[in-house]
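I am opening the notebook on this one.

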Amino acid sequence: MMNALPPLHDGHAPFTLQQLFREALYAFEEWDSELTEPIVTHEGRVIPISFVFEAMRECTDIVPMNIVGAVTERLTKPWEGEGPLDQMTFSTAARVMRVLVRKRLLANGTADLVAVSTHAAKDQSRD
């Protein structure tokens, strides 16, 4: 399923993947009491938000400030960047969001279901 998303090019994400990251972030924000992980769609395919965050783990592009705020407000400790003017990369934001998704799934008791479905999706892609 990861190959259903546009690839990074030398650490840079195409605009469509950056937009999908925003949609995944918004889906996380709206995730209330459902047990299952929120999804987004890309080119007619349904994709769990954790897959979007995983796809951006190596992205070196700088996150727009409105997204930085949406990510940092969920942290329990203040965020301090190492770059000029404390800029955050999509890689950092994606790693933070991936951890938050995992924590939410564990709290809901559904992490095992997601792990099974992720594994099943990889097996199906080999066929």
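I started with α1 and α4. Their axes come within 12 Å and cross at roughly 30°. I checked the hand of the α1 and α4 crossing: left-handed. This is a predicted model, so I read each value as computed from it.

Next I listed the residues at this contact. From α1 I noted Q18, F21, L25 and F28. Facing them in α4 are F90, A93, A94, M97, L100, V101 and R104. By class, I get 9 nonpolar residues, 1 polar and 1 charged for α1 with α4.

I then looked at A13, which sits in the segment before α1. Is A13 buried or exposed? I find A13 buried, because its relative accessible area is 10% and the cut-off for buried is under 20%. What does A13 touch, leaving out residues up to four places away in sequence? I noted L8, Q18, M56, C59 and D61. Q18 and F90 are both names I had already written down for the contact of α1 with α4.

On to the strands. β1 covers residues 39–42. I sorted its side chains by face: V40 and H42 are on the covered one, I39 and T41 on the uncovered one. β1 runs antiparallel to β2 (residues 45–48), and 4 bridges join the two. Opposite T41 I found V46 in β2.

The hairpin of β1 and β2 has 2 residues between the strands. One entry there is E43, in the loop between β1 and β2. E43 is not a glycine, yet its phi is positive, about 50°. I have E43 as exposed, with a relative accessible area of 72%.

D10 belongs to the segment before α1. At 78% relative accessibility, I count D10 as exposed.

Last, the charged pairs. How many salt bridges does the structure hold? I count 4.

I took R74 with E29 to begin. The closest N and O atoms of this salt bridge are 3.6 Å apart. R74 lies in the loop between α3 (65–72) and α4 (90–108), and E29 in helix α1 (residues 15–29), so the pair ties together parts that are 45 residues apart in sequence. E29 is partly exposed at 34% relative accessibility.

E58 and R95 also form a salt bridge, with their closest N and O atoms 3.1 Å apart. E58 is in the loop between α2 (49–55) and α3, while R95 is in helix α4, so this pair links parts 37 residues apart in sequence. I note E58 as exposed at 52%. R95 is partly exposed, with a relative accessible area of 31%.

R74 came up again. Its side chain meets that of E73 in a salt bridge at 3.3 Å, N to O. E73 is exposed, at 58% relative accessible area. Which residues do shared partners join into one network? I wrote down E29, E73 and R74.

Notes
Residues numbered from 1 in each chain as written. Predicted model: local features only at pLDDT ≥ 70, side-chain atom pairs only at ≥ 80, totals over all residues. Heavy atoms only, no water. Buried < 20%, exposed > 50% of the residue type's maximum accessible area, 1.4 Å probe, protein only. Contact = heavy atoms within 4.5 Å. Axes fitted to C-alpha atoms, helices over the stretch in contact; angles between N-to-C directions. Left-handed = near helix turned anticlockwise from the far one by under 90°. Nonpolar A, V, L, I, M, F, W, Y, C, P; charged D, E, K, R; others polar. Pairing = 2+ DSSP bridges.
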